[in-house]
Amino acid sequence: MAPRRFTSALTDLGPGLILAATGIGVGDMVSATIAGAEYGLTLVWALGAGVLVKYAITEGAARWQLSTDTTLVEGWQRHLPVAAVVAFFVYFVVWSYSVSSALVAASAMVPAAIVPSVPLPVWGLLHAVAAFVMVYFGRYERFLGIMKWFIGLKFVAVITATLLIVFWSGTDWSATGSRSEFSVAYTLSLIGGVGGTVTLLSYGYWMREEGWAGGARVPSARADLTVSFALVFVFSLAMIFLSSQIEWAGAILDEGPRLCLLLADRIGAETGPLGRAIFLAGFWGAAFSSVLGVWHGVPFLFDDWFHLWQRRPPTGQQGAAYRSWAAYLTLAAVSALLIQRPVWLVFVYTVVGSLFFPFVIATLLWLNNSTSVPSGARNGTLANVVLSSALLLYLYLGLRSLLA
C-alpha cells in the first residue's frame, strides 16, 4: 500500500511545481551565485532557513484558504482596515510593473547574447508578447504541462553543468570556503530573497484551478509545497556550488542579472562550449518560466480584488479583469524596456517592497490563530515560532531598506 500511496501523491502534484518554476528565477540565480562566489558553501544553512520561511508563509496562506473557503485576499478584505488593503494594492501595482520589466529583460539576455545583432528590447518584446498570448489563450492544464517542461529544462541544465564541473574539470573542495568576511546583512538578505515574493500568493489560485478545496486537502498542499521548496533548495544549492568552483576576479556584486551570463562564460572556460550552452539553456529556462508564472498567477490576485470590491464572484482566467492585468504586465514590461525604468520607480519599489512580507506574515499570525479558522487548522507552535522569527527578520530587512 505504501508504494501505491507514494505514487498517488506524486500524481497529485501540480500547483507546487508551478510555484517552483515561477519562484526559481534570475533573482535566485544571482543571489545564489554571489553567495557561492563570496562565501563558498558556508551560507547553505541560510539558504535552508530561507526555504523554511517561504514554506511556512505559503503553507499558512494555503491552510487559510482550504479551511475557510476564502482566499487570503478575501480574508484581508473582510478582517483588515480598508486603508491597509488599499495600501497593499498600491504596492501590488508598483510591484507588478517592476517585476514584469525585470523578468522580461533578464529573459531576453540569453538570446541577445547569442544573437547580438537583434537588440535586447526586441527580444524582450518577443518574450512579453509570447507570455501574454500563452496566458490569454491557454488553459490551466496546458499551462501546467508547459511549466513542468521548464522545471525539467532548468534542473537538468544546472545539475548537468554541476556534474561537468565535478567530473570534467575536477572539484577543488578547498574552494568551497568563504572568500569574504561574514556579512550579517547579506546573510539575512539571502534568507529573505530565496523562492519568490508576491508570487507565493498565486499558489492559492493555482490550487483553485486544480480543484483543491476543503480542509481535507491541507495534507495534499503540504506535500505539494514540500516538493516545491525542496526543488528550490536543490536548485539554489547547485548554483552556490557552481559559483564556488569558479575563479572570480574583481567585484561581482554590481553585475545584477548579467552575473549569470558571466558565470556561463566561466563555466565554458572550465568545461568548454558544451557546458556554457547547457548552463545558458537553464538560465533562460529559469528566467522565462518566471515570466510565464507571473503572467499566469498574478492576474488572479487582481481578478480577486476587482470582484471583491464589486461584491461579485471572480471570473477567472477567461474574464476581463484577469486578462486586463495580463495586458498591464505586458505593457509595463515593454514600456520599461523603452524608457529603461525611471529611478524614482525603482526607489518606490524598494521602499514598499520592504513592507510586503511583514504585512503578509503578520496577517497570517493573526488570521490563522483566530476563531475564523477551525481549531484543527490553526497555527501550531512550530508554525507560530517560524512565522514570528520571519517577521522579526523582515522587519529588520525593511528597516535597513528604509534607512539605506
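Analyst: A salt bridge is a side-chain nitrogen of Lys or Arg within 4 Å of a carboxyl oxygen of Asp or Glu. The structure holds four of them. This is a predicted model: local features need pLDDT of at least 70, side-chain atom pairs count only at pLDDT 80 or more, and totals for chains, interfaces and linings use all residues. Residues are numbered from 1 along each chain as its sequence is written, and side-chain values use heavy atoms, leaving out hydrogens and water.

One of the salt bridges joins the side chains of Glu 59 and Arg 63, at 2.8 Å, N to O. Both sit in helix α4 (residues 44-68); they are four residues apart, so about one helical turn separates them. Helices are DSSP runs (H or I, at least four residues), numbered from the N terminus.

Now the packing. Helix α2 (residues 15-23) meets helix α10 (residues 202-210) at about 145°, with axes 9 Å apart. Axes are lines fitted to C-alpha atoms over the stretch in contact, and angles run from 0 to 180 degrees between N-to-C directions. From α2, the contact (heavy atoms within 4.5 Å) uses Pro 15, Gly 16, Ile 18, Leu 19 and Thr 22; from α10, Tyr 203, Trp 206, Met 207 and Glu 210.

Last, the surface. Val 82, Val 86, Val 90 and Trp 309 make a nonpolar patch of about 370 Å². Its members have over 30% relative accessible area and no salt bridge, with nonpolar side chains joined within 5 Å. Accessible areas come from the Shrake-Rupley method with a 1.4 Å probe. Helix α6 (residues 82-114) gives the most, three residues; Val 86 is found in this helix.

Notes: Helices (H or I, at least four residues) and strands (E, at least two) are DSSP runs, numbered from the N terminus. Patches are made of residues with over 30% relative accessible area and no salt bridge: like charges are joined within 9 Å, nonpolar side chains (Val, Leu, Ile, Met, Phe, Trp, Tyr) within 5 Å.
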